[in-house]
Amino acid sequence: DIPLEGQTLAFEDQSMWKENFQEFGLDMRLVDTDPIKAEIYLLAQEDGCLVRGSMLGKLGTTCSRCAEPATLTIDAWFEEFEVFPDEEESGSGKDKSGNPAPDEERIDMPLFQKNGEQWELNVAAFLWEQFSLALPGRALCKEDCKGLCSSCGKDLNKGECECDRDEGDPRLAVLRNLKVNR
């Protein structure tokens, strides 16, 4: 039912994100002052659908270095062309001969599903995929977070600890001053 000129959809409902955080066991919280908002533009084609959009918002989580609270900014722009799958690949859980497909061959979260003669795009699955791609590899409270001491566990952002620093194997000390010219 997408018009020829395309269609723009806006998503501000935060329940989708909360449910996925819980389902996938992610330590993330929505920030009330700046919730995640997504907007997508759909343009149907004969063999698929152009999906273009953006996602913006903030998340609360835990810093992966010092375990203090951290805020992640999600600011993503995406453009994908999603091709309609073959009838056999449409996520039915069956192989080409109609028998149940082995678990590793099933499509658990297909982006397209056939509804009668029409294809339907699973927008929630598409947005979750884009959200996952937009997440940084590591959540940090600040860019120069020093983390925790590996010996005593003190937060090194709040000051140095009194642990002895292991300088490594003394037999290799001569190599510390080695300079490599390229």
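Tutor: Aspartate 27 and arginine 29 form a salt bridge, with their closest N and O atoms 3.4 Å apart. The term stands for a side-chain nitrogen of Lys or Arg within 4 Å of a carboxyl oxygen of Asp or Glu. Before we go on, this is a predicted model, where local features need pLDDT of at least 70 and side-chain atom pairs count only at pLDDT 80 or more, while totals for chains, interfaces and linings use all residues. Residues are numbered from 1 along each chain as its sequence is written, and side-chain values use heavy atoms, with hydrogens and water left out.

Student: How exposed is aspartate 27?

Tutor: Aspartate 27 is partly exposed, at 44% relative accessible area, and arginine 29 is partly exposed too, at 40%. The cut-offs are under 20% for buried, over 50% for exposed and partly exposed in between, using a 1.4 Å probe and protein chains only.

Student: How many salt bridges does the structure hold?

Tutor: Four. One of them joins glutamate 79 to arginine 52, where the closest N and O atoms are 2.6 Å apart. Glutamate 79 sits in strand β5 (residues 69–83) and arginine 52 in strand β4, so the pair ties together parts that are 27 residues apart in sequence. Glutamate 79 has a relative accessible area of 42%, and arginine 52 has 32%.

Student: What about arginine 171, which side chain does it meet?

Tutor: That of aspartate 169, in a salt bridge at 2.7 Å, N to O. Arginine 171 counts as exposed at 69%, whereas aspartate 169 is partly exposed at 29%.

Student: OK, zooming out. How many helices and strands are there?

Tutor: Two helices and seven strands. The pattern along the sequence is β-α-β-β-β-β-β-β-α. These are DSSP runs numbered from the N terminus: H or I with at least four residues for helices, E with at least two for strands.

Student: And how much of the protein is buried?

Tutor: Of its 182 residues, 30% count as buried. Areas come from the Shrake-Rupley method with a 1.4 Å probe, and for residues only the protein chains shown count as cover.

Student: Let's do helix α1. Which residues are buried there?

Tutor: In α1 (residues 15–23), the buried ones are Met16, Trp17, Asn20 and Phe21. They span an arc of only 130 degrees around the axis, which puts them on the same side of α1. That arc is taken from the directions from the helix axis to the C-beta atoms. On the other side, Lys18, Glu19, Gln22 and Glu23 are exposed.

Student: What covers the buried residues of α1?

Tutor: The cover includes β2 (29–30), β4 (48–62) and α2. Contact here means heavy atoms within 4.5 Å. After α1 comes glycine 25, with a positive phi near 65 degrees.

Student: Which residue has a positive phi although it is not a glycine?

Tutor: Alanine 67 does, at about 70 degrees. For background, most residues other than glycine have a negative phi. Alanine 67 is in the loop between β4 and β5 and counts as exposed, at 51%.

Student: What is leucine 140 in contact with?

Tutor: Setting aside neighbours within four places in sequence, leucine 140 contacts Cys63, Ser64, Arg65 and Ala70. Leucine 140 is in the segment after α2 and is buried, at 16%. Its C-alpha is 8.3 Å from that of cysteine 66, which is 74 residues away along the chain.

Student: Last one: which residues form a nonpolar patch on the surface?

Tutor: Leu172, Val174, Leu175, Leu178 and Val180, with about 540 Å² of accessible area together. Patches take residues with over 30% relative accessible area and no salt bridge, joining like charges within 9 Å and nonpolar side chains (Val, Leu, Ile, Met, Phe, Trp, Tyr) within 5 Å. Valine 174 is exposed at 66%, in the segment after α2 (123–134).
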